[in-house]
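Hello,

Here is the structure I promised to pass on. Please open it and keep it beside you as you read.

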Amino acid sequence: MNATATFDPFSPDAGTHQGGALDGHALVQGDYGTAVLGYDLASKVLRDKRFQNSALRLMEEFGITAGPVHDFRARSIIMLEGDPHLRLRVPLARFMSPVTVRNTRDVLRWIVESINADLDDSAPVDFYRGVAQRIPSLVYCHLAGAPASDAPQVQSLSERTLSLLTRDRSLTPVIVEAYDELFAYLAGLIARKRAEGLGDDMLSYLISLGDEGKLTEQEVLTEATSMLEASSVNTAHQVGLVVWTLLRDREAWQRIVADPELIPAAVVESLRLFPRTGVVSKIAVEDVELEGTVIPEGSDVHVAVWSANRDPERFERPEEFDLDRERNQPLTFSTGSHNCLGQGLAKAEMEEVVRHLAEHYPDARVVEDATRIGQAGGRWLVDRLTIHLKP
């Protein structure tokens, strides 16, 4: 039996595991359920429809067992499979296509340049709160056709709703209040769009699908809610993690400064080493045999993305940052039918931040004693990232 009871993927010291199989086991078990550590097995589980996202169960463990917030999660895109899942995923996938990402590049550059123009670069800056945290919500407002002045509220709503992932049950009132505020915000935004006329933005697109009978009114609100809650907090942390990774590897950074064509590869390699979403939690919807172990129906299965991304069976010298790494396909944005719809846009945001730094601040450095980055609940977190842009 592939079981090691001493390993917990959510423990503060879980990151001491170097990645991949533990004592030869790609699958381990403990009080938390089952953890998947190897790349190949993680890819298999993430693609297997016999494992359902555990977000609804997590919400119920917080005591949210009925009402609008529970109902939203139960019918949201991450909880569905088959035709109901495709019905919600296809419209968003079309809107978040590579064409949208390409057409948004100029706006991304303008947002990054505008934010950096506000910085006092003569002294160390709080790069996470001053830059990384502000970008994703502004991008969301652009795509959704919301006023840029709504960005602070969008950022706050994303942070408060997804605080569920901290697994801190004392936050239940905060989470419920945030979702209620989010529902009201989107209902108001949809009403304003209907009154003022639809545009070519994401929310107008969803509304038009509703008008054409391709989505119900409730599905329009559910889609919009799913996009907003996921819009900001994870991308903000990941932007910080990418910049932190690249600026601390001075050899790699100098190569990026000399050759910006390396930026996409540098972002992917950073995503591999320090994934914001370190664990994807699933539930077995039937008895499933994995690696000779039967996972009983209803059991928790946690895919340790950070471990899979450092699996030596998949990545040569996995602990090293390698700008020239080939076949670099980390599981940071998951894989299969539930891979992250916004991953192309998120990568573009990171690339534009790195490009701006490389062009304007080639000597930028992390101020180590004023930076706090760690791992908690299976996720990499930026508490504080201080950068001296002109040391």
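Below is what was found in it.

This is a predicted model, where local features need pLDDT of at least 70, side-chain atom pairs count only at pLDDT 80 or more, and totals for chains, interfaces and linings use all residues. Residues are numbered from 1 along each chain as its sequence is written, and side-chain values use heavy atoms, without hydrogens and water.

First, the overall fold. The protein chain has 16 helices and twelve strands. Both are DSSP runs, numbered from the N terminus: helices are H or I with at least four residues, strands are E with at least two. The C-alpha trace spans about 55 × 55 × 40 Å along its principal axes. Of the 391 residues, 57% are buried (under 20% relative accessible area, 1.4 Å probe, protein chains only).

Now the aromatic rings. The structure holds eight aromatic pairs. Rings of Phe, Tyr and Trp (its six-membered ring) pair if their centres lie within 6.5 Å; planes under 30 degrees apart count as stacked, over 60 as edge-to-face and the rest as tilted.

Phe72, Tyr179 and Phe183 form one aromatic cluster. Phe72 is buried, at 2% relative accessibility. Phe183 is buried too, at 15%.

Best wishes

Methods. Buried means under 20% relative accessible area, exposed over 50%, partly exposed in between (1.4 Å probe, protein chains only).
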